[in-house]
Amino acid sequence: MAEEILIETQDRVGVITLNRPKQLNALNLELMKQLVAALEAFDTDDNLRVIVLAGGERAFAAGADINDMADSNVVEQVKRNQFARWERIRRISKPIVAAVSGHCLGGGCELMMHCDIIIASETAQFGQPEINLGVMPGAGGTQRLTRATGKATAMDVILTGRTLSAAEALAAGLVSRVVPKEHFFSEAMKVARTIAQKAPLAVRFAKESVLKAHETALSEGLEYERKLFYLLFATQDQREGMKAFIEKRKPNFTGE
Ligand code: CAA
């Protein structure tokens, strides 16, 4: 079977690279199956703390594979239930850093928005061009893009099908950092290694808490955040982190 993704680990970082360069990493069914399996395997691997999800130089991903959908109909789409797989990506608890270069469109942009920190090459182009195919985003694009950029930009992108440059995406709050094109992957690895040194449970809860801000009213989100904050005082890493600060040394976090 073709390897639609490549997998490797570097220290405490699990790296997944989308591997359909000739099709600009269009997300076909097999790629999605392999991607979800790899993400879940990394998520449960105690040796790993952070995941990097990368595309190639020319494309992070140019969307869902249009060949998979062209002859589909509503009954078949409902039965296919592809979005159950996307839900599993949403439930990954370790931070995912996306390394994005070139086309990042449709399902590709939606996949990127499932990631937590986005490092973009200056060449990256973002969009939800489904409107050009007579459909609309289906893997969260109307919700996540709107929450990231606000209504005005989201409507512009989703209704006209236009792309945002990396600079526009940064200004709109869609990506975390924009870097020169030769550094998009190395910068993502640098970010991942930085996070990998932090207390894993604090990282996990912090990710969960930030995501909660997308899903709840402010008062409920603050309450949720506070409870997770209290809970961290049951960990040894909290003691170690604060003790190390007071003793002016580097902390040794164990995940306990
Ligand atoms: N699905 C299937 N194949 C795709 C693809 C996609 N989404 N995007 C690109 N490809 C294929 C092309 O068909 C082409 O294959 P062949 O060489 O066999 O002809 C190959 O990748 C290279 O693409 P182009 O020759 O078109 O490259 P380009 O540089 O001229 O254009 C592009 C690049 C502007 C990204 C153009 O390929 C394009 O518009 N792609 C489609 C983008 C799109 O509409 N994405 C949304 C998909 S729907 C979706 O994602 C639904 C959802 O929300 C779940």
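How many residues surround the ligand, and which are the closest? The shell holds 22 residues, of which Ala64, Ile66, Gly107, Glu110 and Glu130 are the closest, a residue being near the ligand if one of its heavy atoms lies within 4 Å of it. This is a predicted model, in which local features need pLDDT of at least 70 and side-chain atom pairs count only at pLDDT 80 or more, while totals for chains, interfaces and linings use all residues. Residues are numbered from 1 along each chain as its sequence is written, and side-chain values use heavy atoms, with hydrogens and water left out.

**Ligand contacts**

- A polar side-chain atom of Glu110 lies 2.7 Å from an oxygen atom of the ligand, and a polar backbone atom of Gly107 is likewise 2.7 Å from a ligand oxygen.
- Arg58 places a polar side-chain atom 3.1 Å from an oxygen atom of the ligand.
- Taken alone, the ligand exposes 990 Å², and the protein buries 60% of that (areas by the Shrake-Rupley method with a 1.4 Å probe).

**Make-up of the shell**

- The elements that give two or more residues to the shell are α2 (66-69), β6 (103-105) and α5 (107-114), where helices (H or I, at least four residues) and strands (E, at least two) are DSSP runs numbered from the N terminus.
- Helix α2 supplies the largest share of the shell, three residues.
- By class, ten residues of the shell are nonpolar, seven polar and five charged, with Gly counted among the polar ones.

**Nonpolar cores**

- The largest nonpolar core has 42 residues, and Leu35, Met112 and Phe126 touch the most other members; such a core is a set of buried Ala, Val, Leu, Ile, Met, Phe, Trp, Tyr and Cys residues joined through side-chain atoms within 4.5 Å.
- Helix α1 (residues 29-43) gives the largest share of this core, seven residues.
- Leaving out residues up to four places away in sequence, Met112 touches Phe60, Ala98, Val100, Cys104, Ile118, Phe126 and Leu174 (contact means heavy atoms within 4.5 Å).

**Gln238**

- Gln238 belongs to helix α12 (residues 236-246) and counts as buried because its relative accessibility is 13%, buried meaning under 20% relative accessible area with a 1.4 Å probe and protein chains only.
- The side chain of Gln238 makes a polar contact with the side chain of Arg239 (3.0 Å), a polar contact being a pair of N or O atoms within 3.5 Å, of which, within protein, one must be able to donate a hydrogen and the other to accept it, and residues adjacent in sequence count only if both atoms are side-chain atoms.

Technical notes: Buried means under 20% relative accessible area, exposed over 50%, partly exposed in between (1.4 Å probe, protein chains only).
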